[in-house]
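Please read it alongside the sequence and the model.

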Amino acid sequence: QSTTKDMNNAIKTDPIMSAKILKIANSPLYGFRSKIESLQHGVSMLGKDRILAIILQDAFVGEFENLDLSPYNINSKTFYEVSTKRMQLMTFWFSKVSINLLPILTTSALLGNIGMAVVAKEIKRRKVESDFKEILEKSQNYHAAESEIFMTSTEEVSADIMSHWGLDHMLSQSVRFSFDIANAPGDVKHLAIANYVAYNTISSIDSRVRADLSEEMGEFLGEMNFEVKPYKDALLKLMDLENR
């Protein structure tokens with residue numbers, strides 16, 4: 001329940017986090033007209049929700065001294081790139097659709113794959129890595145492997161973590177139902193749809209933008225009564241950023 005002033009006062013005691021916030025605020029993603037030189041200005045421009053998501057992700061991953069995602073055949077660099085690119089996609093997309101929804105959706109984009117770190121750790125603890133990898137290799141679908149071994153998914157675990165942290169209920173529910181849209185509560189269904197598209201466009205196990213899914217995701221959004229053009233424009237902008 002802190003204010004942006006409270007956040008600024010807390011963050012400025014941490015030089016590394018302060019530098020990270022300023023770097024993000026000055027990145028091409030946001031395209032602010034003038035350079036953000038003070039932490040207070042950066043916190044104010046990014047907003048409470050986005051700052052909170054950035055800090056939570058950093059703090060969460062920091063709990064894992066050696067983030068081992070080898071069961072998914074990825075490393076920590078891919079893990080970070082996935083969440084960052086998803087946030088970029090949501091920012092480009094919903095800045096043209098609904099500014100009011102941006103805080104929730106950029107947070108769900110940034111934190112939607114954190115459950116993977118917990119699942120990977122549990123795979124190691126239970127010594128089922130070979131079984132998990134075998135299913136993953138055959139199906140090329142991490143959800144299939146998670147479901148068969150644990151009867152859950154990255155997104156469900158992420159949602160549980162968000163609930164445990166006391167984050168917005170709509171945020172956690174939109175992540176929980178991102179791959180179960182048919183059963184999503186009415187008040188979060190539109191958010192779950194946006195997450196589903198973002199999570200498919202940039203898979204949790206591959207940080208490359210899936211441009212080949214553009215038409216499929218566009219058709220899906222049309223069926224869900226979403227305007228398709230903002231998504232496709234955002235995708236092109238993200239691909240341009242990726243190719244620089």
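## Overall build

The protein has 14 helices and zero strands, where helices (H or I, at least four residues) and strands (E, at least two) are DSSP runs numbered from the N terminus. Read from the N terminus on, the elements run α-α-α-α-α-α-α-α-α-α-α-α-α-α. This is a predicted model, in which local features need pLDDT of at least 70 and side-chain atom pairs count only at pLDDT 80 or more, whereas totals for chains, interfaces and linings use all residues. Residues are numbered from 1 along each chain as its sequence is written, and side-chain values use heavy atoms, with hydrogens and water left out.

The C-alpha atoms fill a box of roughly 50 × 40 × 40 Å, taken along the principal axes. The radius of gyration of the protein is 18 Å, which agrees with the value near 18 Å that a compact globule of 244 residues would have; the radius is taken over C-alpha atoms, and the globule rule is 2.2 Å times the number of residues to the power 0.38. Buried residues make up 49% of the 244 residues, with buried meaning under 20% relative accessible area, exposed over 50%, and partly exposed in between (1.4 Å probe, protein chains only). Among the contacts (heavy atoms within 4.5 Å) with a separation of 6 or more, 63% are accounted for by residues 24 or more positions apart.

## Confidence

The average pLDDT, which is the predictor's confidence in each residue from 0 to 100, is 89 for the protein, and 95% of the residues score at least 70. Confidence is lowest in helix H4 (residues 48-62), with a mean of 75, and highest in helix H12 (residues 189-201), at 96.

## Helix H5 and its side chains

Helix H5, which covers residues 76-94, has 19 residues and reaches 27 Å from its first C-alpha to its last, close to the 27 Å expected at 1.5 Å a residue; the expected span is 1.5 Å times one less than the number of residues. Because 14 of its 19 residues are buried, H5 is largely enclosed by the rest of the structure. At its N-terminal end, H5 is capped by Asn75, a side-chain oxygen of which lies 3.2 Å from the backbone nitrogen of Lys77.

Arg86 lies in H5 and is buried, with a relative accessible area of 0%. Leaving aside neighbours within four places in sequence, Arg86 is in contact with residues including Gly112, Tyr142, Tyr199 and Ser204. Thr91, also placed in H5, is buried at 7% relative accessible area, and a polar atom of the Thr91 side chain lies 2.8 Å from the backbone oxygen of Met87.

## Helix H8 and its covered face

The buried residues of helix H8 (residues 129-139) are Glu129, Phe132, Ile135 and Leu136. Seen down the axis of H8, these buried residues fall within an arc of 135°, so they line one face of the helix; the arc is that of the directions from the helix axis to the C-beta atoms. An α-helix has 3.6 residues a turn, so residues three or four places apart point the same way.

The cover over the buried residues of H8 includes helix H7 (115-126) and helix H9 (142-150), whereas on the other side of H8, Ser130, Glu137 and Lys138 are exposed. Just after H8, Gln140 takes a positive phi of about 55°.

Glu155 is found in helix H10 (residues 154-165) and counts as buried, at 1% relative accessibility. Not counting residues up to four places away in sequence, Glu155 touches a set of residues including Gly112, Tyr142, His143, Arg176 and Tyr199. The side chains of Glu155 and His143 are joined by a polar contact of 2.7 Å, a polar contact being a pair of N or O atoms within 3.5 Å, where within protein one must be able to donate a hydrogen and the other to accept it, and residues adjacent in sequence count only if both atoms are side-chain atoms.

## Loop asparagines with positive phi

Asn73, in the loop between H4 and H5, has a positive phi of about 60° although it is not a glycine, and it counts as exposed at 54% relative accessibility. Asn225, which lies in the loop between helix H13 (214-223) and helix H14 (229-242), has a positive phi of about 65°, again without being a glycine, and is exposed with a relative accessible area of 72%.
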